[in-house]
Amino acid sequence: KTVMKTFNKFSLIFLLMVFSPISQADLKSDFQQAHLSFLAYIDEAGSSFDQAWDLFEKLDANYPDHPAVQVYFGSMETLKARNAWMPWTKMKWVEQGLDRIDRALSLLKPEHQRQFLIATPIALDTQISAASTFLAVPSFLNRLQDGKDMFAEIQQSTDVSALHPELQWRIYLIGKSIAEQEDNETAIHSWQTKIDELKINP
């Protein structure tokens, strides 16, 4: 009986180790690595698309219901369309990415306004990433209004002037993108002035 109890005890410990959820620390570390790889690819600073894709694909497998993971992986899917040859394959990736971003926004909860994976609150980072992607996809997909709505929500819920300059820069770029797509020269100049005043070298 003693042997059996000991065996059952260690079996239970083993099962808990194997099937226990991945920790928040693991999520933060893995996300930061993937995020840096994503930024390096966007900035053409050495990271390849495949490197960033592999990291976010693993994150997606482990955290399918995390809004930050889903919004970035959705953005990656829209970017994957650039490398596709066939028009229908391009459309598949763009639509799949946009659907994932829509789902990421639906996963946001009040606590995400106070939680961080990088220097930006999860909710705000998810909203900024979503708006930026909505405005970057082809106009025939009719996502301009979604981008504008998300931008308005960011401005209403956030004191942008109190944010870190690099975060302000990301938000001002969204404003400028909207103005450019609406051919609003006055607004373009206004947003560009705000961007220049930050003195950030992207």
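**Figure 1. Gln127 and Glu153 meet through their side chains.** In this predicted model, a polar contact of 3.1 Å joins the side chains of Gln127 and Glu153. A polar contact is a pair of N or O atoms within 3.5 Å; within protein, one must be able to donate a hydrogen and the other to accept it, and residues adjacent in sequence count only if both atoms are side-chain atoms. Gln127 sits in helix H6, residues 122-136. Helices (H or I, at least four residues) and strands (E, at least two) are DSSP runs, numbered from the N terminus. The relative accessible area of Gln127 is 9%, so this residue is buried. Buried means under 20% relative accessible area, exposed over 50%, and partly exposed in between (1.4 Å probe, protein chains only). Leaving aside neighbours within four places in sequence, Gln127 is in contact with Leu105, Leu108, Met150, Glu153 and Ile154. Contact means heavy atoms within 4.5 Å.

Two notes apply to every panel. Residues are numbered from 1 along each chain as its sequence is written, and side-chain values use heavy atoms, with hydrogens and water left out. Local features need pLDDT of at least 70 and side-chain atom pairs count only at pLDDT 80 or more, while totals for chains, interfaces and linings use all residues of this predicted model.

**Figure 2. Helix H6 is mostly covered.** Of its 15 residues, 13 are buried. From first C-alpha to last, H6 reaches 21 Å, close to the 21 Å expected at 1.5 Å a residue. The expected span of a helix is 1.5 Å times one less than its number of residues.

**Figure 3. Thr158 lies in the loop between helix H7 (144-157) and helix H8 (165-181).** Its side chain makes a polar contact of 3.5 Å with the side chain of Ser157. Beyond neighbours within four places in sequence, Thr158 is in contact with Leu124 and Leu163. Thr158 and Leu124 are 34 residues apart along the chain, and their C-alpha atoms are separated by 8.4 Å.

**Figure 4. Gln70 is a buried residue of helix H4.** Gln70 counts as buried because its relative accessibility is 1%. Its side chain reaches the backbone oxygen of Tyr63 at 3.4 Å. Neighbours within four places in sequence aside, Gln70 is in contact with Asp60, Tyr63, Pro64, Arg100, Arg103, Ala104 and Leu107.

**Figure 5. Phe31 is one of the residues that touch the most other members of the largest nonpolar core.** A nonpolar core is a set of buried Ala, Val, Leu, Ile, Met, Phe, Trp, Tyr and Cys residues joined through side-chain atoms within 4.5 Å. Leaving aside neighbours within four places in sequence, Phe31 is in contact with Phe56, Leu59, Ala68, Val69, Tyr72, Leu117 and Ile118. In soluble globular proteins, nonpolar side chains tend to be buried together.

**Figure 6. Helix H9 has buried residues and, on the other side, exposed ones.** Ala187, Ile188, Trp191, Ile195 and Leu198 are buried in H9. Seen down the helix axis, the buried residues fall within an arc of 105°, so they line one face of H9. The arc is that of the directions from the helix axis to the C-beta atoms. These buried residues pack against H7 and H8. On the other side of H9, Glu185, Thr186, His189 and Glu197 are exposed. The 14 residues of H9 (residues 185-198) should span 20 Å at 1.5 Å a residue, and the end C-alpha atoms are 20 Å apart, which agrees. Just after H9, Lys199 takes a positive phi of about 55°.

**Figure 7. Asn142 and Asp183 have positive phi values.** Asn142 is in the loop between H6 and H7. Its phi is about 55°, although Asn142 is not a glycine. Asn142 is exposed, with a relative accessible area of 62%. Asp183 is in the loop between H8 and H9. The phi of Asp183 is near 55°. At 65% relative accessibility, Asp183 counts as exposed.

**Figure 8. The protein chain has nine helices and zero strands.** Of its 202 residues, 42% count as buried. Among contacts between residues at least 6 apart in sequence, 59% join residues at least 24 apart.
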